[in-house]
Amino acid sequence: MSPSFQPSVKYQKQLKRDLAAEILATPGGEKIYSCLQCGTCGGSCPLSGYMDFTPRQLIGMVREGFKQEVIESFSIWLCASCYECTVRCPAGIHVTDVMYALKRVAIREGIYPRRFPVPVLAKEFMRMLKSTGRTNEFWLAFKMLVKTTPLKLLTMWPLGLQMLRRGRLCLTFNRIPKPAGESLRQMLESVGERQ
Amino acid sequence: MNGNGNLRVGLYICHCGTNIAGTIDVKAVAAWGETLPGVVVSREYKYMCSDPGQQLIVDDVREQHLNRIVVASCSPLLHEQTFRGATAKAGLNPFFFHMVNVREHDSWVHEDKQAATEKAKDLIRAAVRRVAFHKPLEKKRVPIHPDVLIVGGGIAGIHAALTLANAGKHVYLVEREPTIGGHMAKFDKTFPTLDCAACILTPKMTAVKKHPNITLWTLSDVTQIEGYVGNFTVTVKRHPRYIIEDLCVGCLECIEACVYKQAKYPDEFNLGLGKRKPIYIPFPQAVPQLPVIDRETCIEFKSGRCKKTCVEVCGDRKAIDFKQQESTETINVGSVILATGFQVFDARRLPYYGYGKFPNVYTSLEAERLINAAGPTQGEVILRDGRKPKTVGILHCIGSRDENTNRWCSRVCCMYSLKLAHLIKEHTGAEIFNFYIDIRTPGKGFEEFYQRLLNEGVHFIRGKGAEINTWPLDPSEEGKLIIRVEDTLIGKIRRIPVDMVVLSVGLEPHADAGDVRRLFNISCSSEGWFLERHPKLAPVNTFTDGIFLAGCCQGPKDIPDSVAQAGAAAAESLALIDSKFVELEPNTAYILEEACSGCKTCIPLCPYSAISFVEAKKKAEINEALCKGCGTCVAACPSGSIRQNLFEDEEIFEEIKGVLAHA
Amino acid sequence: MAYTYFPGCCMHGFARHCQDSLYAVFNALGLELRELKDWNCCGATSYIAVDEYQAFTLAARNLALAEQAGLEVVAPCNACFMVLKKAQDYLARYSNLRERIEAALARGGLQYSGTVQVRHPLEIVIEKIGIKALREKVKRPLKGWNVAPYYGCLLTRPYTLRNGMTLEAFDQLIPALGANLVDFELKDRCCGGSLTGTIEEVGDRLVYILLHEAKRHNADVLVTVCPLCQLNVETHQKQFIRRDREDVNIPVPYFTQLIGLALGIPEKDLGLDRLLVPLDRVLEEHPAELRAAA
């Protein structure tokens, strides 16, 4: 490997403060400035071994305004919401909520790898819920696979068949009855996107 | 006026540099002051508290025959005594003085200069009208009892006791355990000098026992304290040891002779790492050098059918007494030093560190016993499974700096962890890993000790140990305790298999610190540490006069700091004793006997138990020495028969009228 | 004793065997489940990654509906259970969030007051029936079965259980059914369920660690209390059995399936035939004890 002579200095003017402000305003994210950088989150996280930046590093970078690095980090998609970090954090930071908030920013700004399943699933999930009020795992998985890794459908079918044979695949949507479904849709619309 | 001839008030307005004069137009206030009825002199001056400022008052009293003084300046807390002194020096009763706070109550809290000036006038008008009704009062002088009670026989209590005793004062040292020595007696060596804890502590413990001026009561609790600074009456409950102290010579043959040939029960002093018999001595150098019988495990207590080989061997000395009863002692002391210490954090509260589940996870205090030559393994580091560790992980900040447990830094853990790392390495040659958030070594010689450890090849991994587990992901991890950590400096998640884990547990207030606090009527911080009167300037005083603090009951500290604080508490206590008398503020309540109906409403309300009921007269009576002048009884008395000096009805009403006269 | 039943989407979908056994066991224990009318998806852990206000609205709507019934809500899926509890907690803690959510609910004529209790069926069984009574009701003790409990993340994180209950108390369920308890450090470690189908390689690894550790402790069965864990551990197991020819083969029943078996409820009512990794092998190895006691 040949050495790279690109300077990796971060200039102050490259930093963006708005991300920290947004996280601070998120329920559960208000304590990010209490972080001791002790690494309890990373040490506890079952997924941290796969992360490019550990939760600790992400929080450090959010505080300092390294927005681009944070939003482009693969780590935020790896969080499986197991809350191990949240219950152990000595600073009382709800790390899981911070990770959710970072996912929201990335999805909102459209910054994630093309055909990347996590945000696609989240968006499909939301779409299905808005139309039926409930989810159907079969169609959810199907749509996600089609939009991300259609080839996987080929390897998944034996499993699907087994599930079908055992009566565990429901091919019809499980909708909330009409008037209630309509009212749910109105509620979701009225609470709206971020104000 | 109050029988003192014509009212002649001297009014003084202080600039306090620009603190007051920057916001209040002091010249205008002084000029206006002259127009107030009764005011003979009205002046403003740069610093009234200075010698020339005070001299103004003295001179004016003499030349103008003033009989009342009002100073408008800062808080009475700061300078009331100063101006009362000046008033007295001028030949007036000091209580013919009244102070107006135009700094904290006015100039510091307002920006509008005109309004602030008007407010100053209102406050001054109220004071001038009030002071007219002041009566001459005398401070009560109460003698101070020279004896001192010290609660807690750890290093702080021991040091304070010896200091006071060496100064010729009599000390009662009360300890609830069977021996004095506290936590320090359990330590192996002390940081950063590595001198042996027992070698430096036990001579002091023996000195306590030998000192003619010290009465040592172990297995004892303070159950009641009454009175006030200089004159406390204390009740001490002494629990039975089942050994008669005066008869026992400390030969310890009874322990040898116990029907239990082998020690069987977990030994408290060694935190359960060793065993003891039902009759035992906590450790060889215990003071007093007496055995103690544990009634929970002694067969004689359980069944009454023991052969009592202990009594047999004691023979004619007859020092063993199974019928010994709890006794109560009542003592009088003038001051109290609380040195009740701390407890270590219970690591079971954080289940992810596996303490209590994985046998080879130890607390730091257990590790101290394990490396101690007098400990359960004679100083050999042998794990609960009989192995000797080849790798050891020391996890800092367990139960410290953590919102889930205790938020404070326990101050001593970094250094004792370094010490344990050094000692365990010395004893075993093991590879040692320290897991830390920050290394805090600000004491004398501490940083040098850290450097020494770095050069000894001990690993320092910056990251709080996140969990201890025993599920291997690799054959090399099998049978090990695996520490999962984010190495925050290198930026990697690491799994480090070790044979032994030491959890550096923090210090916290005793579980019953709240009871002690209530008993002695002192304050606590929100964390439960006893609160000093001022964090910088009165660090060993409490808000209750005559009660002082020493050692970890006030907050985590190391041995040198505990000893220094104990010395300071002893010095404060000595200063109090040698002042011979306390002067009590005369702002006490008193009863107009003819008006008292004997309804007893006031008696349970008094927070200081200063009111009693005199059956013969069917009237309430106030002990002036106990009264703190809180006014609760005055307000509550249905017949209005309780009055209070300096807060007489007419004084207060005139003050109110003065404020309301704002036009 | 009657409860409002919040099935969550999976109990009506891939986890109908969990639901069948839940109904069967609750019925046998004299506990009634009344399905919440017009319930909607709780939002799980996906919705909040897009919009947190809408996510809290979803949970709050269910809670508001449940309040009308006035009974405790039973949520048999750990994710639903936690999401509903979290909504209650956050709506109580963040007044601005609550105002916004209440306004949205008002659009549908609903009111949220935060009075309803959200419970996991396991809590109900332990608390209302109790280990001792359950042991007495067992007709077919699962003698010789080595059962490892797997509770997953969200049952005890981030919220602790009510009334000081602990996982160690839940563990006692297994010996009560006549089986051997296989204690197991990973019993509340993440199975990677929410990565199933998205970041498969990583999700696989978590299941692999889990099953290997269970196997290392000689577990015959890994019993779950969450349909998502159940699905995840089961399907991934099938995947790497097929892919890596690695035969871990540990059945992963839902806990009411095991209770049902021990209570002597017919297997077909417990949906045992719907498990991808069937219990047959365990049933064959320890049949005598099982049937003899029947």
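Visitor: Which residues of helix α13 (residues 446-455) of chain B are buried?
Guide: This is a predicted model, where local features need pLDDT of at least 70, side-chain atom pairs count only at pLDDT 80 or more, and totals for chains, interfaces and linings use all residues. Residues are numbered from 1 along each chain as its sequence is written, chains are lettered from A and ligands numbered from 1 in the order written, and side-chain values use heavy atoms, without hydrogens and water. Helices are DSSP runs of H or I with at least four residues, strands runs of E with at least two, numbered from the N terminus. Buried means under 20% relative accessible area, exposed over 50%, partly exposed in between (1.4 Å probe, protein chains only); in α13(B) the buried residues are F446(B), F449(B), Y450(B) and L453(B).

Visitor: Which exposed residues sit on the face of α13(B) turned away from its buried side?
Guide: The buried side has cover that includes α12 (413-428) and β23 (459-462) of chain B. Just after the helix, G457(B) takes a positive phi of about 85 degrees. The face turned away carries the exposed residues E448(B) and N455(B).

Visitor: Is L134(C) buried or exposed?
Guide: L134(C) is found in helix α7 (residues 131-137) of chain C. Contact means heavy atoms within 4.5 Å. Leaving aside neighbours within four places in sequence, L134(C) touches L29(C), V125(C), I129(C), L173(C), L177(C) and I259(C). Its relative accessible area is 1%, so L134(C) is buried.

Visitor: What percentage of the contacts in chain A with a separation of 6 or more comes from residues 24 or more positions apart?
Guide: Chain A has 195 residues, and 54% of them count as buried. For contacts with a separation of 6 or more, residues 24 or more positions apart account for 64%.
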